[in-house]
Amino acid sequence: MKALLKLLNENARYTNAQLAVMLGITEDEVQQQIKDLENSGVIKGYRPVINWDNARPAHLTALIELKVSPKKNFGFDEIAQKVMAFEEVESVYLMSGGYDLAVFVTGQSFQDIAMFVAKRLAPLESVLSTATHFILSRYKQSGVIMHEEPQDDRRSILI
Amino acid sequence: MDYNKLINKSLLDIKPSGIRRFFDIAAEMKEVISLGIGEPDFFTPWHIRDAGIRSLETGHTHYTANSGLQELREEISKYIYSRQGITYDPRSEILVTVGGSEALDLAIRSLVNCGDEVLIPEPAFVCYDPITTIAGGIPVKIETKVENNFRLTARELKEAITDKTKLLVLPYPNNPTGAVMRRRDLEEIAEVLRGTDIIVLSDEIYGELTYGDTPHVSIASIEGMQEKTIVVNGFSKAYAMTGWRLGYICAPAPLTKAMTKLHQYAIMSSPTVSQYAAVEALKNGDEDIESMRQEYDRRRRLVVDGFRSIELDCFEPEGAFYVFPCIRSTGLSSEDFCEQLLHSQHVAVIPGTAFGECGQGFVRVSYCYSAKHLLEALDRIERFLKSLRGR
């Protein structure tokens, strides 16, 4: 399972046949393992790693630090669920340290995101404060180097 | 001035291989997808690099003892014991060299007198023959065969031995075929050598990279063989440390002493920074070896399967990081195959003949590349074969 996850994490578009060959198991076994991983909630989906800096129209992403007051009985879950319901919100994490929720938001412009924070996030009842940090450049994302392909500095032929 | 008159005659006699031309074309071609590189694509693990950096920061910038850091030789001794169950005295039986390459050079030059014969199973790495020639020895090739899994057989060995035989090179796990020798095969070789004074030069640089059920067996671990074996190994392949240039020799004390003498005059001592890094590699590098080995294994399966599915016979390699498919079904020579593949699809693989005449009909394909790169190359090779067969 671990080896399969590693391969899918490297490239989710390997065919089952290719995965089977690399792992030394049958295609049926690959299919079964993938199904198990999906059913048990280990694999939650398959998406491309997009460098939004290069996409047109370009997207912006911001990290918004939220300080919130947890609700009795619900802790942080209630506010987290409210936040993650917004379509603009890419990810939400509960954090240790200086703030409570890390919220990644995408939009088409600084304006978009600023308005979203001002109009949607800040007014939520338990939000105490927000701090918005825009991502200026992506170096590495989901384990993939974004800026430029690392060069192979080996000579092309070496016996 | 006729410089050729000045250059050492034996060296002059070593003709640059005809394959040089092919390499030059490949080297200059842009956008070439190479499967030609014989070194890991992995970077040296960070903790090993850190050990090198730390040695510089703490001012270890001097020569070491000629035979290498005592601490490193002790670690090498422990390592061999853990893998092969044999003991080498770090003080008198281990020598740290500038890569496995220097080790091979030292071993051959320290033993071979003018006219001595050196047995070289082929296909094999390219250096044994010229070093033997420069030393005044006579390279005697033994052709290993795909039907024997490219292993050296006792019979082939017996037939090649004469009263001039000084040395047997044993290059397993093998570059370029990926063949390995099992314990049984080695016992049969040992049986032939018993009672002779022939020394075995066992080039075990790929010893950590085997993919069968059993790990690599050194011939030195076979009963009675340690006293007549020079083991060559190094850090390049196992730990992805090619650029650090560090290898070593384990051999009986009198031979180690002779090789150290040569090493001392030619090299003085191996790079200090690399030796400190190597200590760390041996102490804490086993997990790195294993994760790289598993990655190589996955690629190996992918490439072997890839060649078989495009109907090229492909010997199943059990070691190193090469596959050696047979291209005879195309009707082309190895050189023509490689040259046409390079021109039409911009894929570089190496003609089997680079590794000895008997490599004719084969090509060497390295899988020191990402799976993505390998799949792209296999696609292009398939297109090339289709265009050949469509004719």
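**Where chain A meets chain B**

In this predicted model, strand β7 (residues 157–158) of chain A runs parallel to β2(B), joined to it by 2 bridges.

Reader: Happy to start with that strand pair! Which residue of β2(B) is the bridge partner of A:Leu158?

Author: The two strands run parallel, with 2 bridges between them. A:Leu158 has its bridge partner in β2(B), and that residue is B:Ile37.

Reader: Which three residues supply 30% of the area that chain B buries against chain A?

Author: Together the two chains bury about 1,800 Å², with 62% of it on carbon and sulfur atoms. On the side of chain B, one trio supplies more of the buried area than any other three residues. One of them is the strand residue that partners A:Leu158. The trio is B:Ile37, B:Arg298 and B:Arg301.

Reader: Which side chains meet in a salt bridge across the interface?

Author: Good one to look up in the structure. The rule finds 1 salt bridge between chain B and chain A, and 3 residue pairs are in polar contact. In the salt bridge, N and O lie 3.3 Å apart, which is a salt bridge because the cut-off is 4 Å. The side chains are those of B:Glu295 and A:Lys6.

Reader: Which element gives the largest share of the side of chain B that touches chain A?

Author: Four elements of chain B each supply at least two residues there: α3 (20–28), β2 (36–37), α12 (286–309) and α14 (371–389). By class, this side has 18 nonpolar, 4 polar and 7 charged residues. The largest share, 5 residues, comes from α12(B).

Technical notes. Residues are numbered from 1 along each chain as its sequence is written. Chains are lettered from A and ligands numbered from 1 in the order in which they are written. This is a predicted model: local features need pLDDT of at least 70, side-chain atom pairs count only at pLDDT 80 or more; totals for chains, interfaces and linings use all residues. Side-chain values use heavy atoms; hydrogens and water are left out. Buried area is the accessible area (1.4 Å probe) that two parts lose on being put together, summed over both. A polar contact is a pair of N or O atoms within 3.5 Å; within protein, one must be able to donate a hydrogen and the other to accept it, and residues adjacent in sequence count only if both atoms are side-chain atoms. Ala, Val, Leu, Ile, Met, Phe, Trp, Tyr, Cys and Pro count as nonpolar, Asp, Glu, Lys and Arg as charged, and the others, Gly among them, as polar. Two strands pair if DSSP finds at least two bridges between them.
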